[in-house]
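Here are some exercises to work through with the model open in your viewer. Try each task before you read its solution.

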Amino acid sequence: MSEQHWVAVKRILRHLNGTLHFGLKLEPNFSTKHYSVHAFCDADWASDPDDRRSTSGAAAFLGPNLVSWWSKNQSIVARSSTEAEYRSLALATAEVTWIQSLLTELKVPHAPPVIFCDNMSTVSLVHNPVLHSCTKHIELDLFFVREKVLGKQLQVVHVPAADQRADILTRAVSPSNFLINRSKLRVVEKHSANHC
C-alpha cells in the first residue's frame, strides 16, 4: 500500500474513533397517512486524480428518516459533469425504486418518490423528451429515469447546491458545511436524542 493510501486509512480511522458516540435519529411517521420517499443525489465530476472517475453519492429518506446512503466511484469516466450527475441520478432512481417496491410489497401506503438533484442540466435532460446525440453514451440511464418520470412513478426536482444533502458523500466540504450536512442527514450525538 502506498504512502498516500496509508494517510487516507489513518484519516478514516481517526474519523471513526472520533464519531463512536454518534448515531442516526429515527422518528415515527405519525403526521401523514402516506410515507414519503425522497432522495438527494450528487456527483463530483472527475474527482479521482489517478483515473479521473467521478464520485457518486446519494442519501435516501423514508419520511424524515435516513434509510439508505452510499458513496462510490463511477465505473467509467464521465465526459461532462452532466453525465456524472445523470449516472448518480440513475443509481439513486434504482435505490428509490427498490424502496418503493418493498413498501408496495409490505402494503405500506406511500407517495411517488422525489429525487433532488443540484445540476440544472441533468434535471432538464430528465424532462426533455428529445434525445440529443451528445447524450447517446448515457442513453440507457436516460431511458431508465425518463420512463419512471413519464409514468408518474418518480419526480426529479432541482435543489440549490446549498441544500444538497448528498454533497457530504461526494467531496470534501468545509467544517461548518460538514456540520450542517451531518445534521440534515440526522446524524446526532447519542446523548442528545434517541437513536438507533
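The exercises below go from the overall fold to the cores, the charged pairs and the surface.

This is a predicted model, in which local features need pLDDT of at least 70, side-chain atom pairs count only at pLDDT 80 or more, and totals for chains, interfaces and linings use all residues. Residues are numbered from 1 along each chain as its sequence is written, and side-chain values use heavy atoms, with hydrogens and water left out.

**Exercise 1. Get the overall layout**

Work out the secondary structure content, the order of the elements and the share of buried residues.

Step 1. Take helices (H or I, at least four residues) and strands (E, at least two) as DSSP runs, numbered from the N terminus. You end up with five helices and seven strands.

Step 2. Read them off from the N terminus: α-β-β-β-β-α-β-α-α-β-α-β.

Step 3. Call a residue buried under 20% relative accessible area, exposed over 50%, and partly exposed in between (1.4 Å probe, protein chains only). Of the 196 residues in the protein, 39% are buried.

Step 4. Now for contacts, meaning heavy atoms within 4.5 Å. Among those between residues at least 6 apart in sequence, 66% join residues at least 24 apart.

**Exercise 2. Find the nonpolar cores**

Step 1. Start from the general expectation: in soluble globular proteins, nonpolar side chains tend to be buried together. A core here is a set of buried Ala, Val, Leu, Ile, Met, Phe, Trp, Tyr and Cys residues joined through side-chain atoms within 4.5 Å.

Step 2. The largest such core has 24 residues, and L89, I115, V145 and V156 have the most contacts inside it.

Step 3. Two or more residues each come from β2, β3 (55-62), α2, β5 (114-117), α3 (120-127) and α4 (139-150). The top contributor is α2, with seven residues.

Step 4. Zoom in on I115: leaving out residues up to four places away in sequence, its contacts include L89, V96 and V156.

Step 5. Another core, of 10 residues, lies apart from this one; F61, V159, A166 and L169 are among its members. L169 sits in the loop between β6 and α5 and is buried at 17% relative accessible area. Its contacts beyond four places in sequence include T55, W69 and W70.

**Exercise 3. Trace the salt bridges around E27**

Which residues pair with E27 in salt bridges?

Step 1. The whole structure has seven salt bridges.

Step 2. K25 is one partner of E27, with the closest N and O atoms 3.7 Å apart. E27 is partly exposed at 33% relative accessibility, and K25 is partly exposed at 29%.

Step 3. R186 is also a partner of E27, at 3.2 Å from N to O. R186 lies in the loop between α5 (175-184) and β7 (187-189) and E27 in the loop between β1 (22-24) and β2 (37-44), so the pair ties together parts 159 residues apart in sequence.

**Exercise 4. Spot a nonpolar surface patch**

Which residues make the nonpolar surface patch of about 300 Å²?

Step 1. Keep residues with over 30% relative accessible area and no salt bridge, joining nonpolar side chains (Val, Leu, Ile, Met, Phe, Trp, Tyr) within 5 Å; for charge patches, like charges are joined within 9 Å. Areas come from the Shrake-Rupley method with a 1.4 Å probe, and for residues only the protein chains shown count as cover.

Step 2. The patch consists of I12, L13 and L16. L13 is in helix α1 (residues 3-18) and is exposed, at 54%.

Methods
Salt bridge = Lys/Arg side-chain N within 4 Å of Asp/Glu carboxyl O.
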